[in-house]
Amino acid sequence: QVQLVESGGGLVQAGGSLRLTCTASGIIFSSHVMAWYRQAPGKQRELVATITSGRNTNYADSVRGRFTISRDNAKNTVYLQMNSLKPEDTAVYYCGTDPRVGRSTFSIWGQGTQVTVSS
């Protein structure tokens with residue numbers, strides 16, 4: 001059974017930084033594309049960033065240059081370093097993966113971690 005567990009959320013002032021962590025179990029982690037999504041109140045879940053097994057990355061325009069996704073395959077962990085945070089980054093952040101190796105239809109999710117950015 002695949003399980004994803006996020007941590008690292010919290011309350012931060014605008015301009016500050018946070019690092020989110022997602023640890024996976026039940027999959028051969030190094031073979032899977034990993035993603036971070038977020039969902040703000042009243043809005044749809046949106047893609048923030050993805051990272052492939054080869055460490056190719058992709059970012060939403062709204063976070064490019066401020067956020068960095070990375071992975072440590074030895075620890076089965078994916079990170080999201082968030083810098084220069086803005087109030088509009090406030091959301092629940094979810095880690096996701098596709099159970100199929102190399103695919104990117106994310107259907108497995110963690111429980112989410114709340115990020116709140118105050119102005």
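Trainee: Among contacts in the protein chain between residues at least 6 apart in sequence, what percentage join residues at least 24 apart?

Mentor: Please note that this is a predicted model, in which local features need pLDDT of at least 70, side-chain atom pairs count only at pLDDT 80 or more, and totals for chains, interfaces and linings use all residues. Residues are numbered from 1 along each chain as its sequence is written, and side-chain values use heavy atoms, with hydrogens and water left out. A contact means heavy atoms within 4.5 Å. Of the contacts in the protein chain between residues at least 6 apart in sequence, the share joining residues at least 24 apart is 55%.

Trainee: How many helices and strands are there in the protein chain?

Mentor: Both are DSSP runs numbered from the N terminus, helices being H or I with at least four residues and strands E with at least two. Read along the sequence, the pattern is β-β-β-β-β-β-β-β-β-β-β. The count is 0 helices and 11 strands.

Trainee: What radius of gyration does the protein chain have, against that of a compact globule?

Mentor: The radius is taken over C-alpha atoms, and the globule rule is 2.2 Å times the number of residues to the power 0.38. The C-alpha trace spans about 40 × 25 × 25 Å along its principal axes. For 119 residues the rule leads one to expect a value near 14 Å, and the protein chain agrees with it at 13 Å.

Trainee: Which cysteines does the disulfide join?

Mentor: A disulfide is a pair of cysteine sulfur atoms within 2.5 Å, and a search of the whole structure finds 1. The S to S distance is 2.1 Å, and the partners are cysteine 22 and cysteine 95.

Trainee: Where do cysteine 22 and cysteine 95 lie in the chain?

Mentor: Cysteine 22 and cysteine 95 are both buried. The pair links distant parts of the chain, 73 residues apart: cysteine 22 is in strand β3 (residues 18-25) and cysteine 95 in strand β9 (residues 91-97).

Trainee: What value does phi take at asparagine 76?

Mentor: Most residues other than glycine have a negative phi. Asparagine 76 sits in the loop between β7 (67-72) and β8 (77-82), and is partly exposed at 25% relative accessibility. Its phi is positive, near 55 degrees.

Trainee: In which loop is serine 84 found?

Mentor: Serine 84 also has a positive phi, near 50 degrees. With a relative accessible area of 43%, serine 84 is partly exposed. Serine 84 belongs to the loop between β8 and β9.

Trainee: Is arginine 71 buried or exposed?

Mentor: Arginine 71 lies in strand β7. Leaving aside neighbours within four places in sequence, its contacts include Phe29, His32, Met34, Ile51 and Arg55. Since its relative accessibility is 6%, arginine 71 counts as buried.

Terms used:
Buried means under 20% relative accessible area, exposed over 50%, partly exposed in between (1.4 Å probe, protein chains only).
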